[in-house]
Amino acid sequence: MTPPARGSEGPRSGDRYDAIVIGGGHNGLVNAAYLARAGRRVLVLEARDRVGGAAVTEEVFPGFKFSVFSYVVSLLRPEIIRDLELPRHGLHVLPLESTVTPMFNGDYLGQWGDHDQSRRELYRHSPRDADAYDEYGRLMYHMAHAVKPILAMLPPDPASLSPRDLLGMLRFGKHMRGLGSVKFNALHKLMTMSAADFLDEWFETDVLKATKSASGIIGTFLGPRSPGTAYVLLHHYMGELDGVFRAWGFAKGGTGSISEAIAGAARGFGAEIRTSARVARVRVKGGRTTGVVLESGDEIGARVVVSGLDPRRTFLQLLERQDLPEGFADAIGRFKFRGSSGKVNLALSELPSFTCLPGNGAHLRGAMSISPSMGYVERAYDDAKYGEFSRRPYMDIVIPSMIDPGMAPPGKHVMSIFVQYAPYALNGGWTDAKREAFGDAVIDALAQFAPNIKRAILHRQVITPADIERITGLTEGNIFQGELALHQLFFFRPTHAWARYRTPVNGYFQCGSGTHPGGGIMGASGRLAALEILGGL
Ligand SMILES: Cc1cc2nc3c(=O)[nH]c(=O)nc-3n(C[C@H](O)[C@H](O)[C@H](O)COP(=O)(O)OP(=O)(O)OC[C@H]3O[C@@H](n4cnc5c(N)ncnc54)[C@H](O)[C@@H]3O)c2cc1C
């Protein structure tokens with residue numbers, strides 16, 4: 001299969017829009033903003049009544065606002081923040097400074113914003129690990145730097161002999177060679193090992209390894225001992241806030257304010273955004289797109305159509321199978337989603353009091369990680385492996401109202417609990433009763449460390465992978481629009497030969513997290529796709 005020739009998307013008179021972007025998730029919005037910034041007439045069509053996809057803020061209970069799905073930010077590309085002037089459109093990120101892991105023996109492990117404080121804390125657990133920690137931090141910093149240029153690269157097709165792809169492969173090879181043998185070796189390990197094995201090479205403290213390994217399981221249907229999780233760990237290191245690696249933060253007003261800021265920038269450049277406008281089908285004539293058909297029956301013409309949806313929806317739902325070359329639909333059908341994450345959002349009458357650090361304190365302004373041991377996290381996966389939600393799940397907990405008081409009424413709080421594992425393919429399927437049982441398991445597990453939590457709950461919202469799929473359209477509830485596994489990354493995302501945002505249909509492009517470099521509130525897919533489109537539009 002050869003991608004369509006570049007330079008063939010010139011303006012066509014009669015179409016009101018140069019480009020239609022399907023889906024107002026943050027990637028679709030970034031894409032629209034870049035296209036509009038370049039002077040193109042752009043229309044975004046979003047199915048829901050609000051933009052943002054998995055990055056939305058909603059007042060779920062009166063007075064209590066939640067980042068319903070995605071809850072912390074760090075991966076958003078700095079060039080996008082700059083190019084779209086997002087702070088001018090309301091983006092304000094507040095730092096999240098610590099991670100504290102309560103332990104079963106009543107102790108805890110704290111990782112604080114202050115480097116010396118963290119080192120002292122680690123020393124308390126293991127002088128050897130305290131010594132290794134700085135070196136590990138330096139390695140991950142270098143690794144993130146090694147991978148960073150790849151995030152901004154249009155993936156070349158290694159099987160193609162076109163000058164453009166050959167040049168891309170040369171650039172890629174040169175970059176790899178430039179790393180030198182030590183860094184290349186470390187990168188190779190990160191790309192292939194399990195998070196547990198990788199961390200074993202560095203540390204001896206179980207609770208430290210368990211907490212660090214958790215970054216490697218997020219959004220995957222893998223346990224910390226599964227090969228491939230070390231890469232996901234690195235993926236989560238790639239974030240950059242104000243140039244500081246590995247800094248996570250809250251968007252003031254919730255993650256919806258990130259999407260609103262991008263939408264504001266897109267509108268500022270002249271893009272039109274329509275909500276409650278679900279696209280039913282992409283029109284194709286003679287091998288090229290001519291526009292879209294909405295669920296309402298309305299048809300809108302455009303020279304270029306860009307899908308911000310995941311690969312299954314982009315190809316298997318919006319197109320007819322006959323529009324795709326032989327074998328392509330099968331390749332997309334094999335793309336793995338396997339959602340494994342759930343979310344519990346709580347409205348609280350009082351703050352949780354953790355046995356390890358009772359009462360209010362700096363730790364409640366950061367993340368609380370329920371990952372007391374590697375065995376605990378791996379066993380949580382064992383449940384999911386056999387089709388059950390974790391009885392004792394891994395949880396990443398934040399209390400946004402501690403940092404952004406506007407999220408809850410005075411004196412009250414909102415708590416966000418990100419949970420692994422909740423398999424999409426639950427034995428017997430998800431029902432209302434199973435959803436509540438899952439919510440109960442989460443609260444019971446948390447109550448082991450924060451005994452007052454049950455009495456503090458005013459309201460709770462429990463979200464399963466089936467709910468994620470139903471509400472946001474993320475297939476099988478996979479938070480990254482498809483697993484971040486080696487066989488689905490870079491020039492394989494979503495499938496070989498079609499990783500450069502183009503599709504077998506002329507004029508039809510893809511820009512969601514299901515393309516390189518993958519999920520998280522990063523915006524990179526939206527931007528790279530826009531650059532590719534603008535090369536020809
Ligand atoms: C529970 C959860 C927690 C997460 N936590 C974090 C986190 O803390 N930090 C982080 O960086 N990332 C997190 N993520 C991942 C991150 O939010 C996603 O990877 C990212 O938001 C995906 O963005 P996107 O624009 O690629 O796609 P989406 O957000 O999936 O956007 C697709 C859009 O298309 C719309 N749509 C679907 N079908 C149609 C149609 N037919 N017509 C028109 N519109 C349609 C959808 O409504 C949606 O708005 C989390 C995700 C989830 C689900």
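Modeller: Let us begin at the ligand: one of its oxygen atoms is 2.7 Å from a polar backbone atom of Ile 479. The protein covers 96% of the 1000 Å² of accessible area that the ligand has on its own, where areas come from the Shrake-Rupley method with a 1.4 Å probe and, for residues, only the protein chains shown count as cover. Two elements, α1 (26–37) and α16 (465–472), each give two or more residues to the shell around the ligand. Such elements are DSSP runs numbered from the N terminus, with helices (H or I) of at least four residues and strands (E) of at least two.

Biologist: What should I know about the model and its numbering?

Modeller: The model is predicted, so local features need pLDDT of at least 70 and side-chain atom pairs count only at pLDDT 80 or more, while totals for chains, interfaces and linings use all residues. Residues are numbered from 1 along each chain as its sequence is written, and side-chain values use heavy atoms, with hydrogens and water left out.

Biologist: Which residues surrounding the ligand are the closest?

Modeller: Of the 34 residues that surround the ligand, the closest are Glu 46, Val 72, Ile 479, Ser 513 and Ile 521. A residue is near a molecule or strand if one of its heavy atoms lies within 4 Å of it.

Biologist: Why is His 363 called buried?

Modeller: Buried means under 20% relative accessible area, exposed over 50%, and partly exposed in between (1.4 Å probe, protein chains only). His 363 has 4%, so it is buried. This residue is in the loop between β15 (341–348) and β16 (367–370), and its side chain reaches the backbone oxygen of Leu 357 at 3.3 Å. Leaving aside neighbours within four places in sequence, His 363 is in contact (heavy atoms within 4.5 Å) with Ser 98, Val 100, Trp 112, Leu 357 and Met 368.

Biologist: What makes a set of residues a nonpolar core?

Modeller: The set must consist of buried Ala, Val, Leu, Ile, Met, Phe, Trp, Tyr and Cys residues joined through side-chain atoms within 4.5 Å. The largest has 102 residues, and Tyr 136 and Phe 198 are among those with the most contacts inside it. Helix α4 (residues 127–151) gives the largest share of this core, eleven residues.

Biologist: What makes the phi of Glu 476 worth a look?

Modeller: Most residues other than glycine have a negative phi, and most peptide bonds are trans. Phi of Glu 476 is near 55 degrees, a positive value. Glu 476 lies in the loop between α16 and β20, and at 16% relative accessibility it counts as buried. Ala 497, in the loop between α16 and β20, has a positive phi near 75 degrees.

Biologist: Where is there a cis peptide bond?

Modeller: One joins His 516 and Pro 517, with omega about 5 degrees. The bond from Gln 420 to Tyr 421 is cis too, with omega near 15 degrees.

Definitions and conventions:
A polar contact is a pair of N or O atoms within 3.5 Å; within protein, one must be able to donate a hydrogen and the other to accept it, and residues adjacent in sequence count only if both atoms are side-chain atoms.
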